[in-house]
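Dear colleague,

Please find below the structure that I am handing over to you.

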Amino acid sequence: MRSLLLTIALLLSASLLHAQGINSPTYDNEGFFINGSVLGAAWTIDDLDIDAESGAGLGIKLGYNFNTNFGLFASIDGASIDSDNGDNYALGHFDIGVQGTFRTTEDRFRPFVRASVLGMSAQDDDVEINGAGFGLGAGALIFLSEKLAFDINYTHGWVGISEVKMGSQSFDVDEAATTGRFFIGLAYHF
């Protein structure tokens, strides 16, 4: 009788473990998604002898994943930059790019890499600096539920500054700048 009860208990345990494996959550990131983030941003003009200026802001990203590993996105973000002279100004980016996500839908932790073309603008009350370039980034999705993920990532941008506006006058320039943005946010996959 004792061996019969032990056999039944083992079979019941095995079937429960098998059922848990079958019903384990899948962290599905396929289809449309939206992401809201807080960010830290810094930038510098490469040829000028000035230190990088930095600040904090917000960003939003919309995208579509064709499958669990590849998708497209568009994002916009803005930060209030603390200037060396004490005046704050706005630094904004607009990115359109691709993102490759690693691992499977059974993994709660999913690292990714991304590449984008970007537009950048820095402006205060008197001066506006505009340019375009490309960005490379990496990060991770850490799923909190089957559709909601904590998103942490960094994007480095290489920008060619092409225009400076002062009041109503516009000047063509050819300067190189670099930007760095560190994002912490939440992504929801529909």
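The second largest cavity holds about 50 Å³ of space. A cavity is a set of points, on a 1 Å grid over the protein atoms alone, where a 1.4 Å probe fits but cannot get out, and lining residues have an atom within 4 Å of a point. Grid points are joined across faces, edges and corners, and a volume is the space filled by probe spheres set on the points. Its lining consists of Asn29, Phe33, Asn35, Lys61, Asn65, Gln99, Leu141, Asp151, Ala187 and His189. Two or more of these residues come from each of β1, β2 and β8; strands are DSSP runs (E, at least two residues), numbered from the N terminus.

The model is predicted: local features need pLDDT of at least 70, side-chain atom pairs count only at pLDDT 80 or more, and totals for chains, interfaces and linings use all residues. Residues are numbered from 1 along each chain as its sequence is written, and side-chain values use heavy atoms, with hydrogens and water left out.

The whole structure has two cavities of 30 Å³ or more. The largest cavity has a volume of about 140 Å³, and among its 17 lining residues Lys61, Ser75, Arg114, Asn153 and Phe183 are the closest to its centre. Strand β3 gives the largest share of that lining, four residues.

Overall, the chain has eight strands and one helix (a DSSP run of H or I, at least four residues). Of its 190 residues, 37% are buried, that is, under 20% relative accessible area with a 1.4 Å probe, protein chains only.

Yours sincerely

Definitions and conventions: Buried < 20%, exposed > 50% of the residue type's maximum accessible area, 1.4 Å probe, protein only. 1 Å grid on protein atoms, 1.4 Å probe; cavity = no way out; pocket = protein on both sides within 12 Å on 5 of 7 lines; lining within 4 Å.
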